[in-house]
Amino acid sequence: MTALLEIRDLHLSMHSYEGAARVLDGVSLRVNKGEIWGLVGETGCGKSVTGLSVSRLLRTPPAEYTRGEILLDGTDVLTLDERQMRSLRGRRVGMIFQDPTTNLNPAFRIGTQLIDVALAAARHDPAILGLGRGAGRRARVAAARKLAIAMLTEVGIPAAESRLDDYPHQFSGGMRQRVLIAMALIGRPDLLIADEPTTALDVSVQAQILALLKQMVAAHDMGVVLITHNLGVVAQTCTHVAVMYAGTIVEQGPIRDVLGDPAHPYTQALMRAIPTRDVARGALQGLAGSVPNLIHPPRGCRFAPRCALARPSCAQPPAVHERAPGHRVACPVVEEAQHA
Amino acid sequence: MLEIEGVSRLFPARRGMFGTTAGVRALHEVNLSVRQGESFGLVGESGSGKTTLTRQILRLDTPTSGRILFEGQDMATLSPAALRALRARVQIVFQDPYASLNPRMSVHDIVTEPMLIHRQTLGLDRRQRTDRAAELLELVGLGPQHLYRHPHEFSGGQRQRICIARALAPGPSLILLDEPTSALDVSVQAQVLNLLIDLQKRLGLTYFFISHDLGVIRYVCDRVALIYRGEIKEQGETQRVFDAPESDYARSLLAAMPEVRVPD
């Protein structure tokens, strides 16, 4: 079966004055419909870049895809030209970003912005508006307006019709994020990429937005890649998780396997650093050292310089083991230690 | 040590170019008391009045009504000289270590600046200030080799350590920590939180810890108060508030908290 999204061995370099930074180093990920994948990791690990690559929103140069492919329903988006990409963005792939304030134009009414997106999506697929190909502009705008109201209602904005004429500043942060979700879903995408959608929001609003996201996945049969640095958000929302470190996925799999039985030393370290209910004061463990320089990354396993289990063989690229169905760990040392 | 008694702060209505803005009741009858040597947590969402309250404690702003006592003294009645002496004892660490360090100053200048401002209280000469800066850097896990570097040479976690060293410089007894780790990654956050806990043990500091991250508050604080729209909704021992919240607000906040647990 073709996956909705399949990233295969993706390598990405970013050119800078100091040289080429190897920002992604063999990222592989498979997302099916109905799955919510959490992409977690710390600042600079490549999670946002992975998300942006899927909709090809990185400028090339400075970015350069050196190896690998990104298959969307079997088509490699890296081979498409800009015109073809434009028909995918918003239609097949929806995106939501962190800051709901900067992603809405303050000078236009919410309704105008939503209707624009609906009309643009309808140029590629007139069925979105429920009209035939020959419909006039007036009919299309009226249908787009109706769709905008329906989407706003669906994402939980009360009195949606009257709010179409409001400007973004008249909405709260949580409400703006709802508007952006409506905007991302208006073209009925199969894949939604949400890059830190709740980081700028308060916890209670965050919980509402995450619940909404789950509900939308169920209602529209989408696949989601949720990019976040918060493992709590992942535990609350996702079906699967991929843990990234310095441009590589170190561990991935169903949420229960990865959080219940974290195998990679980095995943374990990350979990030991989170203040949970059972951690006594002073007992949290930080992670010594710092993230490697990506212009001259360590050979082999990129986590090895900070890893307690590191041994000479870690200078080889780590082989990936499958611990349980779908639960993959890029650390042979852990695997050997368990069988010894 | 710190008594906040019936403090309210109203920002009055204003008339401007685009019409009249409504007045805002940022704080309403806030009562809190922070004991010597404890970590007191203040939790609230954005716009709840956390920062306004901090500004009242630092006396950067004056409450509309109510009073704030630090070690029994009402801050509003102090002479400017007495207030300055008192400010050496109350210091603050801000949220964003990228914005709160002057990029053009060396770490030495950053850490010795409070000692210079409070030289009348502290009585340290130039040499002693430099020695103390080096000691403070060691205390926060950096070293004398970092004295003559500039902020851009440090990572986020290291910068926050510099901010902590600067806060410790005038020998405070109370430190206000305004979201000190929310700009940091979790692995770095853990180190900074442990540093704060360690410093508290060694120096007998009192912390007033402001955060919206309930996990962090639970890890660090002895007692906690929840603030919502300028009113304290609940306060008590941290464990009690987390295990058996009494107010509806506390219950809804705890229910929304994203805990890392394995789903069944």
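Tutor: One term before we start: two strands pair if DSSP finds at least two bridges between them. Strand β8 (residues 90-93) of chain B and β9(B) pair in the parallel sense over 4 bridges. Keep in mind that this is a predicted model.

Student: Which residue in β9(B) is the bridge partner of B:V90?
Tutor: B:L174 is the bridge partner of B:V90.

Student: And what does β9(B) join over 5 bridges?
Tutor: Strand β10 (residues 206-211) of chain B, which runs parallel to β9(B). Across that pairing, B:L177 stands opposite B:F209.

Student: Is β9 of chain B mostly covered or mostly open?
Tutor: Mostly covered. Strand β9 spans residues 174-178 of chain B, and 4 of its 5 residues are buried.

Student: OK, other strands in chain B. What does β1 join?
Tutor: Strand β1 (residues 2-11) of chain B is joined by 5 bridges to strand β6 (residues 65-70) of chain B, and the two run antiparallel. One of the pairs there is B:S8 with B:S65. β6(B) is also joined by 2 bridges to strand β7 (residues 73-74) of chain B, again antiparallel. In that pairing B:F70 stands opposite B:Q73.

Student: How many residues lie between β6(B) and β7(B)?
Tutor: There are 2 residues between them, and the two strands form a hairpin. In the turn, B:E71 has a positive phi of about 50°.

Student: Now helices. Where is B:D109?
Tutor: B:D109 is in helix α3 of chain B, which covers residues 107-117.

Student: Why does B:D109 count as partly exposed?
Tutor: Because B:D109 has 15 C-beta neighbours inside 10 Å. A residue is buried at 20 or more and exposed at 12 or fewer, so a count between those limits is partly exposed.

Student: Which residues of α3(B) are buried, then?
Tutor: B:V107, B:I110, B:V111, B:T112, B:P114 and B:M115. The buried residues of α3(B) pack against α4 (119-122), α5 (126-139) and α6 (156-168) of chain B.

Student: Switching to chain A. What is its secondary structure?
Tutor: Chain A has 11 helices and 12 strands. Of its 340 residues, 46% are buried. The C-alpha trace spans about 70 × 45 × 40 Å along its principal axes.

Student: How does the domain assignment divide chain A?
Tutor: The assignment gives domain 1 (1-92 + 189-290) and domain 2 (103-188). Their C-alpha centres lie 27 Å apart. The contact between them takes 14 residues from domain 1 of chain A and 16 residues from domain 2 of chain A. On the domain 1 side, the largest share, 6 residues, comes from α7(A). By class, that side has 9 nonpolar, 4 polar and 1 charged residues.

Student: And how many residues does each chain give to the contact between A and B?
Tutor: Chain A gives 33 residues and chain B gives 28 residues. On the chain A side, α8(A) supplies the largest share, 5 residues. The residues of that side divide into 16 nonpolar, 13 polar and 4 charged.

Student: Last topic: how many residues are in the largest nonpolar core?
Tutor: That core has 169 residues. Those with the most contacts inside it are A:W37, A:L114, A:A118, A:A182, A:I186, A:V243 and B:F208. Helix α6 (residues 173-185) of chain A gives the largest share, 8 residues.

Student: What does A:V243 touch?
Tutor: Leaving out residues up to four places away in sequence, its contacts include A:V40, A:I249, A:V250, A:Y266 and A:L270.

Key. Residues are numbered from 1 along each chain as its sequence is written. Chains are lettered from A and ligands numbered from 1 in the order in which they are written. This is a predicted model: local features need pLDDT of at least 70, side-chain atom pairs count only at pLDDT 80 or more; totals for chains, interfaces and linings use all residues. Two residues are in contact if their C-beta atoms, placed from the backbone, lie within 7 Å. Ala, Val, Leu, Ile, Met, Phe, Trp, Tyr, Cys and Pro count as nonpolar, Asp, Glu, Lys and Arg as charged, and the others, Gly among them, as polar. A nonpolar core is a set of buried Ala, Val, Leu, Ile, Met, Phe, Trp, Tyr and Cys residues joined through C-beta atoms within 7 Å. Domain bounds come from an automatic or database domain assignment.
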